[in-house]
Amino acid sequence: MTRFEDPVVRVPDKVPENGDQRSDEDAAEFSFEMLFHQRFETMKRLAYLLGADDPENIAQEAFVRLHKRWEELEDPAKGLAYLRATVVNLSRSRLRHLRVVRRTPPDVLFDEASAESHAVARSEHRRLRAALGGLATRQREVLVLRYWLDLDQAAIAETLGVAIGTVKATTSHAMDKLRKRLEKDMELW
């Protein structure tokens with residue numbers, strides 16, 4: 001390449017045999033490339049002026065969408081209008097997205113629990129699991145469905161294939177038995 005050649009604009013590698021005439025496919029590809037090289041910065045600037053926080057990505061996406069539809073265009077001259085409309089629409093979408101993100105409250109960062117509190121919690125979880133393990137199968141199932149999955153009595157009854165009254169009675173008996181086991185464990189502790 002000499003000093004005076006433009007490094008941005010390149011002619012397609014395939015040159016048709018019939019003189020200066022390009023094949024339709026080569027001409028279409030060449031005109032898309034020309035449009036890209038001539039208008040990319042303009043589309044990027046348009047997206048920037050419309051308030052997009054990532055104007056280069058918006059311009060690139062507009063050209064990608066145009067390239068997908070390039071063969072469908074009746075008149076390649078309409079490509080520029082399509083690009084402008086696409087950049088405007090993508091910028092609007094991006095701004096709407098940013099407004100939603102800004103309105104979303106940030107995650108609340110809680111103070112990290114100490115190592116001692118983790119150890120106590122693990123100990124309490126082990127005690128609770130051991131006490132649950134001492135319950136009858138149906139009692140354990142009812143409590144887990146109620147307090148771990150947060151199901152209501154009708155959903156528990158449907159899941160276990162029993163009547164709602166059975167769920168109520170089983171929950172009551174299981175809670176009494178669990179309470180007694182945990183109190184007994186506290187006395188030993």
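Is Asp-53 buried, partly exposed or exposed, and what relative accessibility does Asp-53 have? In this predicted model, Asp-53 has a relative accessibility of 45% and therefore counts as partly exposed. The side chain of Asp-53 forms a salt bridge with that of Arg-94, with an N to O distance of 2.8 Å. This pair connects distant parts of the chain, since Asp-53 is located in the loop between α1 (24-49) and α2 (55-69), whereas Arg-94 belongs to helix α3 (residues 79-103), 41 residues apart.

Arg-94 also forms a salt bridge with Asp-54, in which the closest N and O atoms are 3.7 Å apart. Because Asp-54 lies in the loop between α1 and α2 and Arg-94 in helix α3, this contact ties together parts that are 40 residues apart in sequence.

A search of the whole structure identifies seven salt bridges. One of them joins the side chains of Asp-176 and Arg-179 at 3.1 Å, N to O. These two residues are three residues apart in helix α7 (residues 164-188), so about one helical turn separates them. Asp-176 is partly exposed at 36% relative accessibility, as is Arg-179 at 43%.

The chain contains seven helices and zero strands. The chain exposes about 14300 Å², of which carbon and sulfur atoms supply 53%. Val-144, Trp-148 and Leu-149 form a nonpolar surface patch of about 340 Å², and Val-144 is situated in helix α5 (residues 137-148).

Methods: Residues are numbered from 1 along each chain as its sequence is written. This is a predicted model: local features need pLDDT of at least 70, side-chain atom pairs count only at pLDDT 80 or more; totals for chains, interfaces and linings use all residues. Side-chain values use heavy atoms; hydrogens and water are left out. Patches are made of residues with over 30% relative accessible area and no salt bridge: like charges are joined within 9 Å, nonpolar side chains (Val, Leu, Ile, Met, Phe, Trp, Tyr) within 5 Å. Accessible areas come from the Shrake-Rupley method with a 1.4 Å probe; for residues, only the protein chains shown count as cover. A salt bridge is a side-chain nitrogen of Lys or Arg within 4 Å of a carboxyl oxygen of Asp or Glu. Helices (H or I, at least four residues) and strands (E, at least two) are DSSP runs, numbered from the N terminus. Buried means under 20% relative accessible area, exposed over 50%, partly exposed in between (1.4 Å probe, protein chains only).
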